[in-house]
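Biologist: I would like to learn how to read a model with two chains. Where do we begin?

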Amino acid sequence: MRAHRALTAVAAVALAVTGCTTTEAGVATPGTVADSTSTSTSEPTSEVPRVNDPLDASRYIVDPCAVLTQAQLASYGVSRNGRPDTASASAEYSGPSCLWFGQEVDAAIGVVWQTTNENGLSDTYGLQEDFATWEHFEATEVDNYPAVFTNLDGDAEFGNCGLVVGISDTLTFYVLLQGHSKIDGEASCNRVMQVATAVIQKLKENP
Amino acid sequence: MPELGIQNQEPGVGGRYMFTDLDEVDSIILELEAMKQEIDSDGFELYAAVSAARNPAEDGMSQGQVQAYRASLEKAIQHNGMMARYVTDQIDKLSAALSDYTGTDTGAAAQVRAIGRVDR
């Protein structure tokens with residue numbers, strides 16, 4: 001666990017007091033997460049987008065495969081049931097997840113509830129700032145929620161694409177598509193964006 | 001039954017698998033499909049682990065530990081991607097050969113039946 005988490009909690013409280021840059025619901029806007037009183041060197045110094053309209057995912061953390069309906073999955077070429085993981089060492093380390101294997105379309109789609117990102121997207125930005133973890137780190141938005149594509153150098157070649165989405169300042173979810181070298185990186189990332197949008201919609205409709 | 005030959009073009013040039021039973025090909029495809037799911041599952045865990053890498057403390061050694069861990073995960077992901085590609089290619093080759101053989105066999109049967117009708 002990163003040593004700075006406690007400090008970030010202080011920072012989060014400070015931010016809650018000082019407020020965000022806008023009050024419009026559901027619009028992600030930049031705000032500084034690092035607190036001037038923090039002595040940690042691991043806090044991201046870059047501006048991390050804040051979540052202005054947090055979503056509750058507690059239901060899907062317990063039942064990760066319920067976050068996408070069969071109808072939604074069918075549109076991604078997935079007709080098989082997902083494989084949930086809530087109890088393995090991986091689930092404990094990375095968070096509860098569900099992995100769906102494509103049939104009609106040759107790809108696997110996974111969603112991880114990153115419960116270990118206790119500071120939300122700030123942890124992902126911190127990881128990038130501290131270790132340059134991903135060669136391709138591109139900020140974006142999913143249905144007005146802040147997100148970032150997190151990809152390694154070889155990912156596009158394999159048709160893989162990953163996206164981290166912040167749904168509160170204490171929780172993110174990660175979507176990964178593994179394309180088995182059958183689709184290019186751009187198509188893979190477009191599909192990942194569609195899946196992430198479907199997840200957000202589900203969270204809004206059925207919290 | 002005639003042998004079903006499937007050319008194995010990579011990595012060895014000129015390699016060839018020979019099957020004498022179509023059911024055997026079906027069972028191998030199923031085995032490879034199951035293998036691919038396990039490879040995908042491993043890849044998914046590796047990617048998720050990259051996103052969750054944390055240094056236990058702020059000192060240099062701890063930072064270095066995460067860097068080494070991250071580099072190791074990236075190598076494993078590359079290996080996983082190549083394994084997925086290899087297995088996917090094998091499934092495609094076997095499926096195509098099976099489909100081709102079945103189509104040829106059906107066509108030949110139709111020709112034989114047609115000849116039989118003419119002879120009568």
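Modeller: With contacts. Two residues are in contact if their C-beta atoms, placed from the backbone, lie within 7 Å. Keep in mind that this is a predicted model.

Biologist: In chain B, what percentage of the contacts with a separation of 6 or more comes from residues 24 or more positions apart?

Modeller: In chain B that share is 58%. For chain A, the corresponding figure is 56%.

Biologist: And what are the chains built from?

Modeller: Chain A has seven helices and nine strands. Chain B has two helices and two strands, in the sequence pattern β-β-α-α.

Biologist: How do I read burial?

Modeller: Count neighbours. A residue is buried if 20 or more other C-beta atoms lie within 10 Å of its own. In chain A, 47% of the 207 residues are buried. In chain B, buried residues make up 21% of 120.

Biologist: Now the sheet in chain A. What is the order of its strands?

Modeller: Read across the sheet, from neighbour to neighbour. The order is E3-E4-E5-E9-E8-E7-E6 in chain A, an open sheet of seven strands with antiparallel pairing. Its edges are strand E3 (83-85) and E6 of chain A, each pairing on one side only. From one strand to the next, the twist averages 20°.

Biologist: How many bridges join E3(A) to E4(A)?

Modeller: Three bridges join these antiparallel strands. As an example, Pro84(A) has Cys98(A) in E4(A) as its bridge partner.

Biologist: Next, the helices. What does H7(A) lie across?

Modeller: H7(A) lies across E5, E6, E7, E8 and E9 of chain A, at about 25° to E8(A). Helix H7 covers residues 185-205 of chain A, 21 residues in total. From first C-alpha to last it reaches 30 Å, close to the 30 Å expected at 1.5 Å a residue.

Biologist: Which residues of H7(A) are buried?

Modeller: First, the general idea. An α-helix has 3.6 residues a turn, so residues three or four places apart point the same way. Now the case here. The buried residues of H7(A) include Ser188(A), Arg191(A), Val192(A), Val195(A), Ala196(A), Val199(A) and Leu203(A). The buried residues of H7(A) pack against helix H3 (70-75) and against strands of chain A, among them strand E5 (108-114) and strand E8 (161-168).

Biologist: Why is H5(A) described as largely enclosed by the rest of the structure?

Modeller: Eight of its eleven residues are buried, so H5(A) is largely enclosed by the rest of the structure. Among the buried ones are Leu121(A), Asp123(A), Tyr125(A), Leu127(A) and Asp130(A). H5(A) lies across E6, E7, E8 and E9 of chain A, running at about 35° to E7(A). Just after H5(A), Ala132(A) takes a positive phi of about 45°.

Biologist: Last, the interface. How is its size given?

Modeller: The size of an interface is often given as the accessible area lost when the parts come together. Here we count residues instead. The contact takes 34 residues from chain A and 27 from chain B. On the side of chain A that touches chain B, the elements giving two or more residues are helix H4 (89-94), strand E4 (97-101), E5, helix H5 (121-131), E8 and E9 of chain A. E5(A) gives the largest share, four residues.

Biologist: How many residues on that side of chain A are nonpolar, polar and charged?

Modeller: On the side of chain A that touches chain B, 14 are nonpolar, 17 polar and three charged.

Note on methods: Residues numbered from 1 in each chain as written. Chains lettered and ligands numbered in written order. Predicted model: local features only at pLDDT ≥ 70, side-chain atom pairs only at ≥ 80, totals over all residues. Expected span 1.5 Å × (residues − 1). Buried ≥ 20, exposed ≤ 12 C-beta atoms within 10 Å, placed from the backbone. Nonpolar A, V, L, I, M, F, W, Y, C, P; charged D, E, K, R; others polar. Pairing = 2+ DSSP bridges. Axes fitted to C-alpha atoms, helices over the stretch in contact; angles between N-to-C directions.
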